[in-house]
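Here is a short report on one chain.

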Amino acid sequence: QSCVLLWFPYLDDDQVAGLYQRLRLLQLDDVLVAEFGVQETESLETSGLIFLRPPEGTEVQLRELLRSLEFRISQGCEKP
């Protein structure tokens, strides 16, 4: 089986709720959704990933990655 990965922009709550409702209507068995956002930015603040049939261990790896990313962003970026 193949794994399918979809990226989506989180434009607003209604848009994402509609996306999730359509996913539920598909009645897929193995779906993993991750959202990540950054506050106080001039560009897209939040986006998400939808994994269809993710490989074993993806959820754990994704949690670790997002925690690390959150930590690095919270430390701030050094400007050149």
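Of the chain's 80 residues, 18% count as buried (under 20% relative accessible area, with exposed over 50% and partly exposed in between; 1.4 Å probe, protein chains only). The model is predicted: local features need pLDDT of at least 70, side-chain atom pairs count only at pLDDT 80 or more, and totals for chains, interfaces and linings use all residues. Residues are numbered from 1 along each chain as its sequence is written, and side-chain values use heavy atoms, leaving out hydrogens and water.

The chain exposes about 6800 Å², and carbon and sulfur atoms supply 51% of that area (Shrake-Rupley method, 1.4 Å probe). Among contacts with a separation of 6 or more, 60% join residues 24 or more positions apart (contact: heavy atoms within 4.5 Å).

Two helices and three strands make up the secondary structure (DSSP runs, H or I of at least four residues for helices, E of at least two for strands). Their order from the N terminus is β-α-β-β-α.

Helix H1 has 13 residues and reaches 18 Å from first C-alpha to last, close to the 18 Å expected at 1.5 Å a residue (1.5 Å times one less than the number of residues). Its buried residues are Val16, Leu19, Tyr20 and Leu23. Seen down the axis, they fall within an arc of 95°, so they line one face of H1 (directions run from the axis to the C-beta atoms). Asp14, Arg22, Arg24 and Leu25 are exposed on the other side.

The cover over the buried residues of H1 includes these strands:

| Strand | Residues |
|---|---|
| E1 | 4-9 |
| E2 | 31-37 |
| E3 | 46-52 |

Just after H1, Gln27 takes a positive phi of about 55°.
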